[in-house]
Amino acid sequence: MNEPQVRELVPSVIAVLVRRGADFPSAEDAVQEALIRALETWPRNPPLDPKGWLIAAAWRKFLDATRADISRKRRELAAAIEAPPAPQPETDDSLWLYFLCANPMLPQDAAVALTLRAIGGLTTKQIAQAHLVPEATMAQRITRAKRRLAGQPLDQPGDVATVLRILYLVFNEGYSGDVDLASEAIRLCRQLVTLTDDPEAAGLLSLMLLHHARRASRTGSGSRLIPLAQQDRSRWDTTLISEGVAVLQKALARDRLGEYQAQAAIAALHADAQTAADTDWVQIVEWYDELLQLTDNPVVRLNRAVAVAEAQGPRAGFDALTGLDPEVPRYAAVAAYLHERAGDLPRAVELYGAASRMATSVPERDHLTREAARVQQLLRS
Amino acid sequence: MKYLLLKHYRGAPTPAGAAETMEHWTPAEVDAHIQYMRDFAARLKETGEFVGSQALAPKGAWVRGDGEGRPAVTDGPFAETKDLIAGWMIIDVESWDRAVELAGELSSAPGAGSKPIYEWLEVRPVLTETPKATE
């Protein structure tokens with residue numbers, strides 16, 4: 001059994017402990033400890049029944065911890081120990097765990113961390129590495145998050161949209177360290193799709209798959225960012241694209257459109273174009289119009305302006321920018337692109353330069369600096 | 001011994017090399033510069049001398065407290081004339097001389113016309129936490 005398979009057991013083992021009467025924070029801690037033990041010992045000494053092993057180990061850790069803390073938890077202990085472990089139903093309904101970890105009471109970074117640990121089955125160390133923070137800091141973030149959840153009912157259905165937002169955040173964190181959070185987000189979203197019939201869950205899964213399919217072509221040597229139009233499309237993962245499109249079609253057929261489905265539809269249209277020139281910009285603009293109806297925000301408006309410029313020319317693109325605050329991230333980058341398309345190269349150089357100073361990541365900053373240099377070179381020649 | 005290497009957007013002495021801003025380099029020169037920086041960090045990881053580094057956005061503000069119950073006071077954006085830090089790297093090396101040698105290398109990243117930019121870097125010893133055994 002490899003590490004991802006072990007991790008998959010985590011949410012259901014937490015659920016078993018909670019059904020036996022353990023409180024969620026202690027159950028989650030106990031399972032984390034059992035998981036670390038499993039990752040250490042299983043490679044040498046694999047158990048016959050991995051899930052049974054994890055349940056037994058985690059239950060033992062839970063009892064030990066509860067005993068150690070006996071004065072404070074006396075009554076809970078009595079309740080937990082007296083209840084004989086009931087025969088566990090084999091249905092694996094861990095949807096409540098998704099809702100709990102994504103509870104809107106939690107700060108988003110804490111919800112992300114808790115989701116990765118309790119549902120993703122990652123260790124605190126891995127989560128800390130992926131977020132470039134010290135392990136002790138991450139452990140504390142998770143502990144505080146669980147403390148905030150004290151007293152929250154476990155069996156209440158929550159809002160799927162909050163869960164999707166957290167998974168989308170995880171996806172966008174990409175990968176640093178040895179854990180690939182984008183793949184992890186896809187795995188968790190796949191599970192979620194089996195637990196809920198909300199078409200937006202399928203919409204998000206489709207969006208992630210279509211986006212992930214382009215990953216290999218998105219960065220060049222030295223982590224340099226390659227924009228969509230210049231990507232080597234032969235390197236796009238066609239298996240992921242077909243799956244993403246199939247998931248999306250099924251979701252759209254439900255006729256309950258949402259923002260993730262609309263974004264996935266745009267991603268699907270890009271994936272469908274053999275070359276950048278084949279892109280169906282007219283249809284993409286239509287989807288952006290739908291998206292604006294669903295969620296009017298500056299990011300959507302900026303991306304729509306680019307699509308409008310491709311479909312109808314740079315003038316229409318400028319019109320689409322009207323009313324947007326020039327201070328929003330990427331405004332200058334989009335304006336630079338439109339000026340370049342309109343043939344105003346000096347202004348484009350200036351704006352790419354300004355955009356690079358407003359960039360929020362190193363790859364984005366470097367890319368925009370290079371764009372400024374590229375247009376400057378056009379001007380010289 | 002740990003040293004902090006500070007790169008400035010503004011406020012450092014005038015560089016000895018060409019001072020044109022990156023937008024005026026060719027794309028190839030921009031790429032070569034970025035690659036040099038990456039290779040430098042990779043090499044220090046290899047030699048066990050790299051601790052960490054981060055790049056900083058130019059925007060930000062001065063902030064101070066203003067008494068209980070009142071929100072903190074901010075003073076920003078920074079004035080154009082003000083010293084402005086662009087990023088930092090912490091290295092863990094054997095001696096001050098080695099820190100200076102490495103800072104010199106980092107400062108020699110290629111710029112316009114593939115010539116080294118020779119920008120000034122600020123090098124500061126980090127105070128150690130452990131008291132000496134021979135107190």
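This is a predicted model: local features need pLDDT of at least 70, side-chain atom pairs count only at pLDDT 80 or more; totals for chains, interfaces and linings use all residues.
Chain A comes out with an average pLDDT of 91, and 93% of its residues score at least 70. For the model as a whole, ipTM is 0.88 and pTM is 0.88.

Now look inside chain A, at a pair of packed helices. Two packed helices are described by the angle between their axes and the distance between the axes. Here the pair is H9 (residues 160-172) and H11 (residues 199-212) of chain A, with an angle of about 10° and axes 11 Å apart. An angle like that is under the 35 degree cut-off, so H9(A) counts as roughly parallel to H11(A). On the H9(A) side, the contact is built from A:Leu164, A:Leu167, A:Tyr168 and A:Phe171. H11(A) answers with A:Glu200, A:Ala201, A:Leu204, A:Leu207, A:Met208, A:His211 and A:His212. Sort the residues of this contact by type and you get eight nonpolar, two polar and one charged.

Staying in chain A, find A:Glu28 and A:Arg117, whose side chains meet in a salt bridge at 2.6 Å, N to O. A:Glu28 sits in helix H2 (residues 24-41) and A:Arg117 in helix H6 (residues 108-118), so this pair ties together parts of chain A that are 89 residues apart in sequence. Over all chains, a search of the whole structure turns up 30 salt bridges.

What about the place where the two chains meet? The size of an interface is often given as the accessible area lost when the parts come together. Between them, chain A and chain B bury about 1400 Å², and 54% of that is on carbon and sulfur atoms. Chain A puts 16 residues into the contact and chain B puts in 14. Three salt bridges run between chain A and chain B. If you want to look at a salt bridge with one partner in each chain, go to B:Asp31 and A:Arg224, whose side chains pair up at 3.0 Å, N to O.

Finally, a couple of backbone details. Most residues other than glycine have a negative phi, and most peptide bonds are trans. A:Leu132 has a positive phi, near 55°, and belongs to the loop between helix H7 (124-130) and helix H8 (135-148) of chain A. Over in chain B, the peptide bond from B:Gly76 to B:Pro77 is cis, its omega near 0°. B:Pro77 is in the loop linking strand S4 (73-75) and strand S5 (84-92) of chain B.

Methods. Residues are numbered from 1 along each chain as its sequence is written. Chains are lettered from A and ligands numbered from 1 in the order in which they are written. Side-chain values use heavy atoms; hydrogens and water are left out. pLDDT is the predictor's confidence in each residue, from 0 to 100. Axes are lines fitted to C-alpha atoms, for helices over the stretch in contact, and angles run from 0 to 180 degrees between N-to-C directions. Helices (H or I, at least four residues) and strands (E, at least two) are DSSP runs, numbered from the N terminus. Angles under 35 degrees count as roughly parallel, over 145 as roughly antiparallel, 65 to 115 as roughly perpendicular and the rest as oblique. Contact means heavy atoms within 4.5 Å. Ala, Val, Leu, Ile, Met, Phe, Trp, Tyr, Cys and Pro count as nonpolar, Asp, Glu, Lys and Arg as charged, and the others, Gly among them, as polar. Buried area is the accessible area (1.4 Å probe) that two parts lose on being put together, summed over both. A salt bridge is a side-chain nitrogen of Lys or Arg within 4 Å of a carboxyl oxygen of Asp or Glu.
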